[in-house]
Amino acid sequence: MTPVFHPVLVNSPFADPCVYVDFLFDRRAMLFDLGTLSDLPTRKILRISHIFVSHTHIDHFIGFDHLVRLCLGRQKQIHLFGPAGFVDQVWHRLASYTWNLVYSYDTDFTVVATEIHPDGSGLSSEFHCLRGFKPENVTVRRFTDGIIHLEEGLLVRAAQLDHKIPSLAFSLEEKLHVNILKNRLEEAGLVVGPWLNGLKQAIQQEKPDDTPIQAAGTRGAVVLTLRELREQIVKIETGQKVCYVTDAAFTPKNAERIVDLAREADYLFIEATFLDDDSDRAATRHHLTASQAGKLARRAAVARVIPFHFSPRYTGRGNEISAELQQAWNGFSP
Ligand SMILES: [Zn+2]
């Protein structure tokens with residue numbers, strides 16, 4: 001299938017955590033964690049629509065100022081998600097600057113912050129540039145099945161992990177993957193065009209079989225039913241899944257939640273902060289070792305594992321961390 005999500009680590013695995021997920025055919029992106037963004041080109045930062053922050057230790061949230069500075073003066077809305085207390089923390093970051101000049105701007109950069117509580121409740125607040133980023137439209141939220149963001153074709157789930165403080169893990173899931181079979185399209189006398197997006201949407205929205213779809217044909221527009229098109233030119237597969245796990249102690253409860261969240265993910269980005277020789281230190285710091293991360297990846301039966309958040313104590317030894325994770329993932333751990 002042609003993947004829709006293209007996730008990459010923004011920084012070296014020894015530097016601040018941050019995963020950028022680019023969307024194919026769509027000028028947008030999402031971020032997991034908000035470490036430093038200085039190596040991310042401006043044009044890529046401006047595509048970001050949603051940011052999911054595990055917790056607010058400084059290395060996971062310091063990119064916020066850089067983001068605000070770039071978006072200021074633009075007509076743009078960014079949604080940020082984080083653990084309990086996050087809405088106040090976003091407000092305090094914004095409130096630490098003086099905004100007396102923004103009231104006359106002709107654009108309204110807006111931050112929408114949402115926090116997710118361990119009991120499944122939550123809180124959202126908007127912060128508008130044109131009103132000096134004061135909190136407004138505060139709403140109480142309730143999340144079911146861990147789903148914190150839902151839109152046509154995709155959803156994002158969060159799991160509460162224990163890092164001595166709450167730390168959120170996330171999973172970005174495409175609902176269905178709709179492939180257009182190009183050869184079949186030609187055989188049917190149809191041509192590619194924006195109408196295919198409408199067809200994909202109709203399939204993802206599970207519209208009735210007799211829904212008329214206006215298609216582009218070699219001899220002009222033709223109207224076909226959703227069923228005809230689905231049977232002739234479409235192949236439907238399980239959607240893609242990208243999972244992000246960081247800053248979690250290796251406890252049975254965390255392990256169970258991580259495995260549940262990451263099950264059969266196409267990509268698992270997972271912290272591998274320490275080597276297993278230093279597992280005592282990892283336990284004291286509430287982090288995973290590479291071997292523990294590999295075992296979790298194995299239990300979750302993921303397709304790819306990308307380790308990150310290496311402790312600087314292993315500078316120059318990144319290969320050892322990756323090798324330890326790989327061994328555990330393959331089932332050869334000590
Ligand atoms: Zn961390």
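Colleague: What makes strand 6 and strand 7 a pair?

Modeller: Strand 6 (residues 110-116) and strand 7 (residues 121-128) run antiparallel and are joined by 7 bridges. Two strands pair if DSSP finds at least two bridges between them, so these two pair. Strands here are DSSP runs of E with at least two residues, helices runs of H or I with at least four, each numbered from the N terminus. Within this pairing, Ala-113 stands opposite Ser-125 in strand 7. This is a predicted model, where local features need pLDDT of at least 70 and side-chain atom pairs count only at pLDDT 80 or more, while totals for chains, interfaces and linings use all residues. Residues are numbered from 1 along each chain as its sequence is written, and side-chain values use heavy atoms, leaving out hydrogens and water.

Colleague: Why do strand 1 and strand 8 count as edges of the sheet?

Modeller: The open sheet has 8 strands in the order 1-2-3-4-5-6-7-8, with mixed pairing. Strand 1 (5-9) and strand 8 (135-142) each have a single partner strand, so one side of each lacks a neighbour in the sheet.

Colleague: How do you know which residues are the protein donors of the zinc ion?

Modeller: Donors are N, O and S atoms within 2.8 Å of the metal (3.2 Å for Na, K and Ca); water is not among the atoms, so sites may look incomplete. His-60 (NE2), Asp-247 (OD) and His-309 (NE2) lie 2.1 to 2.3 Å from the zinc ion, so they qualify as donors.
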